[in-house]
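Here is a brief report on one protein chain.

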Amino acid sequence: MTETSGAPAPTTRYLCICADDFGMSTGINAAVLDLAAQGKISATSGMVRRSAWLEGAKTLRQVDPARLDVGLHLDLTRPDTPDGFEPGLLGLLARTYSRTVFSPALHADIRDQLSRFEDAMGRAPAFIDGHRHVHQFPVVRDLLVDEITRRYPTSPPWVRYTAPVWRGGPERLKAQVIHALGGARLAALARKHGIPVSRRLLGVYDFSGDTQGYAARLSEWLSECRTGDVLMCHPSAGANLPSDPHGAARLREYAALQRLAFPVQGRLGEVALAPLSQLVQRGELAYA
């Protein structure tokens with residue numbers, strides 16, 4: 001008889017690391033393309049109304065979609081001028097929560113961004129999330145789900161869920177606030193219409209600290225992740241916009257992400273990168 005130790009067999013957790021804001025600047029585009037080539041990320045979401053999108057998408061569409069999910073980063077707080085300062089979020093929050101936002105114009109904006117994505121990439125988005133998490137706001141989520149079901153009835157893109165990792169630390173409140181802005185309602189609506197959603201959202205912090213501090217955060221998120229989680233990040237290789245409040249943090253994130261090597265060994269087993277669309281295809285992410 002073969003003896004066994006009784007210890008549980010090591011398991012592999014499949015994590016999606018998603019670089020947000022592709023198309024905002026050439027520096028962000030360069031970082032995303034480099035990290036994708038190195039196998040450090042498995043998704044990126046594009047801002048199709050920003051100045052660096054069209055040129056960047058020419059290269060991005062050449063990346064094997066089996067290695068990188070490319071999605072739409074729904075952008076509803078664009079600056080008035082190209083590469084200018086973004087308006088505050090409170091105005092959109094107030095209009096959506098009071099349901100005084102002009103729905104036809106909002107729906108047209110959502111349709112336009114999806115069309116711009118399809119035109120530039122030659123395919124539908126693998127997923128949809130929101131810049132500043134706007135995709136989960138009232139009215140926005142209803143119109144978005146309606147457009148997804150109309151546009152992609154047989155193979156809808158997955159949608160990013162904002163359920164936080166319930167741990168202590170200074171970032172806990174920020175993660176809770178993000179999720180409270182409509183995360184649960186969006187997930188329920190998506191499930192009702194057969195739209196896959198990711199599991200938890202990692203990567204929330206206040207953009208402070210140095211490169212070593214961000215690397216330590218990365219290590220914590222990797223140790224806590226489960227299959228189907230999304231770890232959002234915001235790297236840039238430089239040439240950040242003067243209007244970008246997180247330019248310095250983007251450089252730090254890029255430096256730390258370059259040092260990752262997958263698979264990562266952790267106390268809960270191995271962590272490997274995977275585009276979440278592959279988990280959907282395998283039936284491992286039908287619903288969060």
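## Second largest pocket

The second largest pocket has 19 lining residues, and Pro125, Ala126, Pro157, Ser277 and Gln281 lie nearest its centre. Two elements, β3 (69–74) and α10 (276–281), each give two or more residues to this lining. The model behind these values is predicted.

Helix α10 provides the largest share of the lining of the second largest pocket, four residues. By class, that lining has 13 nonpolar, four polar and two charged residues. The space in the second largest pocket comes to about 350 Å³.

## Largest pocket

The largest pocket holds about 650 Å³ of space. It is lined by 32 residues, and Glu86, His131, Arg132, Phe207 and His246 are the closest to its centre.

Elements that each supply at least two residues of the lining of the largest pocket are β1, α3 (90–97) and α6 (172–180). Helix α6 gives the most, with three residues. The class count for the lining of the largest pocket is 14 nonpolar, eight polar and 10 charged.

## Strand β3 and its neighbours

Strand β3 is mostly covered, with six of its six residues buried. Strand β2 (residues 43–46) runs parallel to β3, and four bridges join them. In this pairing, threonine 44 stands opposite valine 70 of β3. The path from β2 to β3 includes helix α2 (residues 53–60), and the three make a right-handed β-α-β unit.

Strand β4 (residues 127–130) also runs parallel to β3, joined by three bridges. Here leucine 74 stands opposite glycine 130 of β4.

Strand β1 (residues 12–22) pairs with β7 in the parallel sense, over four bridges. Cysteine 18 has methionine 232 of β7 as its bridge partner. Strand β6 (residues 201–202) runs parallel to β7 too, and two bridges join them. Leucine 202 stands opposite leucine 231 in β7. Between β6 and β7 the chain passes through helix α8 (residues 211–224), and this β-α-β crossover is right-handed.

Aspartate 129 lies in strand β4. Is aspartate 129 buried or exposed? Its relative accessible area is 0%, so aspartate 129 counts as buried. Its side chain makes a polar contact of 2.5 Å with the side chain of histidine 73.

Threonine 77 sits in the loop between β3 and α3. Threonine 77 is buried because its relative accessible area, 3%, falls under the 20% cut-off. The threonine 77 side chain makes a polar contact with the side chain of arginine 132, at 3.2 Å. Arginine 132 is also among the residues closest to the centre of the largest pocket.

## Backbone features in loops

Which residues other than glycine have a positive phi? Arginine 99 has a positive phi of about 55°. Arginine 99 lies in the loop between α3 and α4 (103–121). With a relative accessible area of 51%, over the 50% cut-off, arginine 99 is therefore exposed. Valine 139 also has a positive phi, near 70°. Valine 139 belongs to the loop between β4 and α5 (140–151). At 8% relative accessible area, under the 20% cut-off, valine 139 is therefore buried.

The peptide bond from phenylalanine 262 to proline 263 is cis, with omega near 0°. Proline 263 is in the loop between α9 and β8 (264–266).

## An exposed proline

Proline 242 is found in the loop between β7 and α9 (247–258). Its relative accessibility is 76%, over the 50% cut-off, so proline 242 counts as exposed. From C-alpha to C-alpha, proline 242 and aspartate 210 are 20 Å apart in space, and they are 32 residues apart in sequence.

Conventions
Residues are numbered from 1 along each chain as its sequence is written. This is a predicted model: local features need pLDDT of at least 70, side-chain atom pairs count only at pLDDT 80 or more; totals for chains, interfaces and linings use all residues. Side-chain values use heavy atoms; hydrogens and water are left out. Two strands pair if DSSP finds at least two bridges between them. A crossover is right-handed if, with the strands pointing away from the viewer, the path from the first strand over the helix to the second runs clockwise. On a 1 Å grid over the protein atoms alone, a cavity is a set of points where a 1.4 Å probe fits but cannot get out, and a pocket is an open set with protein on both sides within 12 Å along at least five of seven lines; lining residues have an atom within 4 Å of a point. Grid points are joined across faces, edges and corners, and a volume is the space filled by probe spheres set on the points. Ala, Val, Leu, Ile, Met, Phe, Trp, Tyr, Cys and Pro count as nonpolar, Asp, Glu, Lys and Arg as charged, and the others, Gly among them, as polar. Buried means under 20% relative accessible area, exposed over 50%, partly exposed in between (1.4 Å probe, protein chains only). A polar contact is a pair of N or O atoms within 3.5 Å; within protein, one must be able to donate a hydrogen and the other to accept it, and residues adjacent in sequence count only if both atoms are side-chain atoms.
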